[in-house]
Amino acid sequence: MGLIGAGLQQPRVCSSCLRTINRSIPQYRRYAATATAVKASDRSNYSQATEPKKIPAASSLPEYIVQSGVLLSRPPILTKEPSSFEKAFFFYQKRLNERLVMPFTRYFYFKKDTPADTDWKIKAKERDYQPARELGGYNPYSDVGWNDELLVGDKLSETSTMVEALVRDSHVRAVEGKDGKAMVVEGGEQELHEGKIEMPLERTTEADRKHDVKRLDRQLERTLYLVVKKPEGSWEFPHGPLEGRENLLQAAERVLVQTAGVNMNTWLVGHAPVGAYVAPPVYEAKLIKNEEANAADVSPKKPGRKVFFMKGRIMAGQANLKGNIFGFTDFKWLTKEEIQKTVSEKYFSDVKDMLADR
């Protein structure tokens, strides 16, 4: 192995190490030196077609504004009204259960000759001594116990018939007398001993009858959504632009408070949007003339909107648009079908898949 610089004052370096050192030295300087050797006259040799075209300056307005919206809903309060077939089927299931359970032992629940025992015997006699109160006196242990089915549309399976039977059975028929023995009460004496019996509430409320779309106690079988009226008169879900370094969830929480006030107990579900609405921008074409060519600078006259909706639930409270910073003038709680009649066709086509069918 040969040595370089023998006899000199510099340190000795073998040829193998020298090649390694040369390879490790960056080679960018030789390229920089070559680049500086190119004369300015040589640049003119390039054809004009290879030079990039000048791009017009961007407009001061953005093409789209990103906004965060809130799909605030009130879930159904009641289950769906059953069909005639479902009513008959559920009624059959109750009678079938009576056939499968053990016989009812009265003295396990009522002490003999007490007012409660007397009350039960009076009511049981009216339903053929069967424990079930709403099954029409069905006896699962008789010779016709197998006949436990009903025809579709039979009044026994109607909800109103069962409610009437349960309310009638709730009246007190026997009380304790002065001598301590059971005393049967009749007619108006029942209210004297038991007070007023509360009837089950109807499925339709006063808000349904008045068609008050601002109240939450309406359409109890359906999902209601909050929509607000914009200053120009159109209806949409609450929305607003993002501020600072906000994400969609943080912006939605702020928009909801700034829109509907703080008198609502709400919960935003998840961190990802459930849908989006895109409003295209309004363009205005401007013609720019220069020596080289005519280029059209298309700038938005009005920027578009990309609204991403966050799903929310309301548990208590009510919306209050007083003093909102977005200029919303009115609000409604609407079902999916009512929203379709209220908002624009383009808006509903974008948001319809986010809405529940019931």
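Val 152 is exposed, with a relative accessible area of 55% (buried means under 20%, exposed over 50%, and partly exposed in between, with a 1.4 Å probe and protein chains only). The model is a predicted one, in which local features need pLDDT of at least 70 and side-chain atom pairs count only at pLDDT 80 or more, while totals for chains, interfaces and linings use all residues. Residues are numbered from 1 along each chain as its sequence is written, and side-chain values use heavy atoms, with hydrogens and water left out.

Val 152 is found in the loop between helix 6 (115-126) and helix 7 (159-169); helices (H or I, at least four residues) and strands (E, at least two) are DSSP runs numbered from the N terminus. Together with Phe 85, Phe 89 and Phe 90, Val 152 forms a nonpolar patch on the surface, and the accessible area of these residues together is about 430 Å². Patches consist of residues with over 30% relative accessible area and no salt bridge, nonpolar side chains (Val, Leu, Ile, Met, Phe, Trp, Tyr) being joined within 5 Å and like charges within 9 Å. Accessible areas come from the Shrake-Rupley method with a 1.4 Å probe, and for residues only the protein chains shown count as cover.

The structure holds 24 salt bridges, each defined as a side-chain nitrogen of Lys or Arg within 4 Å of a carboxyl oxygen of Asp or Glu. In one of them, the side chains of Arg 127 and Asp 169 meet at 2.6 Å, N to O. Arg 127 lies in the loop between helix 6 and helix 7 and Asp 169 in helix 7, so the pair ties together parts that are 42 residues apart in sequence. Both partners are buried, Arg 127 with a relative accessible area of 10% and Asp 169 with 13%.

A salt bridge also forms between the side chains of Arg 305 and Glu 236 (3.1 Å, N to O). Because Arg 305 lies in strand 13 (residues 304-317) and Glu 236 in strand 7 (residues 235-236), this pair ties together parts that are 69 residues apart in sequence. Arg 305 is buried at 14% relative accessible area, and Glu 236 is buried at 7%.

Lys 336 forms a salt bridge with Asp 357, the closest N and O atoms being 2.9 Å apart. This pair links distant parts of the chain, with Lys 336 in helix 11 (residues 336-342) and Asp 357 in the segment after helix 12 (345-351), 21 residues apart. Lys 336 counts as buried at 16% relative accessibility, whereas Asp 357 is exposed, with a relative accessible area of 61%. Elsewhere, salt bridges that share partners join Glu 81, Lys 87, Glu 158, Arg 203 and Glu 221 into one network.

The second largest pocket has a volume of about 310 Å³. Of the 14 residues that line this pocket, Glu 81, Thr 159, Val 163, Leu 201 and Arg 203 are the closest to its centre. Helix 7 supplies the largest share of the lining, three residues. By class, the lining has five nonpolar, three polar and six charged residues; Ala, Val, Leu, Ile, Met, Phe, Trp, Tyr, Cys and Pro count as nonpolar, Asp, Glu, Lys and Arg as charged, and the others, Gly among them, as polar.

A search of the whole structure finds one cavity of 30 Å³ or more. On a 1 Å grid over the protein atoms alone, a cavity is a set of points where a 1.4 Å probe fits but cannot get out, and a pocket is an open set with protein on both sides within 12 Å along at least five of seven lines; lining residues have an atom within 4 Å of a point. Grid points are joined across faces, edges and corners, and a volume is the space filled by probe spheres set on the points. The largest cavity has a volume of about 30 Å³ and is lined by Glu 98, Gln 130, Ala 132, Leu 135, Gly 137 and Tyr 138. Its lining has three nonpolar, two polar and one charged residues.

Most residues other than glycine have a negative phi. Phi of His 211 is near 55°, a positive value, and phi of Gln 219 is near 50°, also positive. His 211 lies in the loop between helix 9 (206-210) and strand 6 (224-229), and Gln 219 lies in the loop between helix 9 and strand 6. His 211 counts as exposed at 53% relative accessibility, while Gln 219 is partly exposed at 28%.
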